[in-house]
Amino acid sequence: MQNILSGFLGCCSKYFNKEMGLSGKMVRDVEIKSDGDVFHEIFRYRPHHISTMSPGNIQNVDLHEGDWGTVGSVIFWNYTHDGKEKTAKEVIEAIDEEKKLVRFKVAEGDLLQLYKTFIITVHVDTKGENNLVTWTFEYEKLNGNVEDPTTLMDFCIVVTKDIETHHLK
């Protein structure tokens, strides 16, 4: 029985939350019908436009250091999550144009009241008519009482769908 369960979790682990102690990884895919290249460009070069596409969730995005779309740049987000106004200061850690990937490391803000480290990766797979957006969270909780960031992942999926809806108009 254990081998069957182990095999099942191994093949489907992309959809489960992997956790070892206080460290965790969460991955979620969402299909979009809007242009995947444009979606990637928004997170790379124009995250400050997201507040007009998802105003109920993202109130403002400012560039604090560097240039839009470059590794090392610092971006400050004002957002509403779980009914509360929150902030995050993120550093762009990596950009991969070929894979259409942007990785952000949270440097300051509300998330660091719960997590020692928090890295957010958004990747777009552009194949055919429908495109696949993959969100990945890699994190370390401050303690065992901290919940997994499931509602934050739900929030990212809602923002993704808001961006899609904006571009399908």
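Does Tyr-79 count as buried or exposed, and at what relative accessibility? In this predicted model, Tyr-79 has a relative accessibility of 6% and therefore counts as buried, where buried means under 20% relative accessible area, exposed over 50% and partly exposed in between, as computed with a 1.4 Å probe on protein chains only. Residues are numbered from 1 along each chain as its sequence is written, and, the model being predicted, local features need pLDDT of at least 70 and side-chain atom pairs count only at pLDDT 80 or more, while totals for chains, interfaces and linings use all residues. Side-chain values use heavy atoms, with hydrogens and water left out.

The protein chain holds four helices and eight strands; these elements are DSSP runs numbered from the N terminus, helices being H or I of at least four residues and strands E of at least two. Along the sequence, the elements follow the pattern α-β-β-α-α-β-β-β-β-β-β-α. Of the 169 residues in the chain, 38% are buried. Contact means heavy atoms within 4.5 Å; among contacts between residues at least 6 apart in sequence, 48% join residues at least 24 apart.

Eight aromatic pairs are present in the structure. Rings of Phe, Tyr and Trp (the six-membered ring in Trp) pair if their centres lie within 6.5 Å, and planes under 30 degrees apart count as stacked, over 60 as edge-to-face and the rest as tilted. Tyr-79 and Phe-155 form a tilted pair, with 5.7 Å from centre to centre and 50 degrees between the planes. Tyr-79 lies in strand S4 (residues 74-81) and Phe-155 in helix H4 (residues 150-168), so this pair ties together parts that are 76 residues apart in sequence. Phe-118 and Phe-137 are both buried, and together with Tyr-115 and Tyr-139 they form one aromatic cluster.

Grid points are joined across faces, edges and corners, and a volume is the space filled by probe spheres set on the points. One cavity of 30 Å³ or more was counted. The largest cavity has a volume of about 230 Å³. Its lining comprises 16 residues, of which Trp-77, Glu-90, Ile-120, Phe-155 and Cys-156 are the closest to its centre. S4, S5, S8 and H4 each give two or more residues to this lining, and H4 gives the most, with four. By class, the lining of the largest cavity has 15 nonpolar, no polar and one charged residues, with Ala, Val, Leu, Ile, Met, Phe, Trp, Tyr, Cys and Pro taken as nonpolar, Asp, Glu, Lys and Arg as charged, and the others, Gly among them, as polar.

Seven nonpolar, four polar and seven charged residues form the lining of the largest pocket.

Ser-54 is located in the loop between helix H3 (50-53) and strand S3 (58-65) and, at 1% relative accessibility, counts as buried. The side chains of Ser-54 and Asp-162 are joined by a polar contact of 2.6 Å, that is, a pair of N or O atoms within 3.5 Å of which, within protein, one must be able to donate a hydrogen and the other to accept it, residues adjacent in sequence counting only if both atoms are side-chain atoms. Leaving aside neighbours within four places in sequence, Ser-54 is in contact with Val-159 and Asp-162.

His-40, in helix H2 (residues 36-45), is buried, with a relative accessible area of 4%.

Notes:
1 Å grid on protein atoms, 1.4 Å probe; cavity = no way out; pocket = protein on both sides within 12 Å on 5 of 7 lines; lining within 4 Å.
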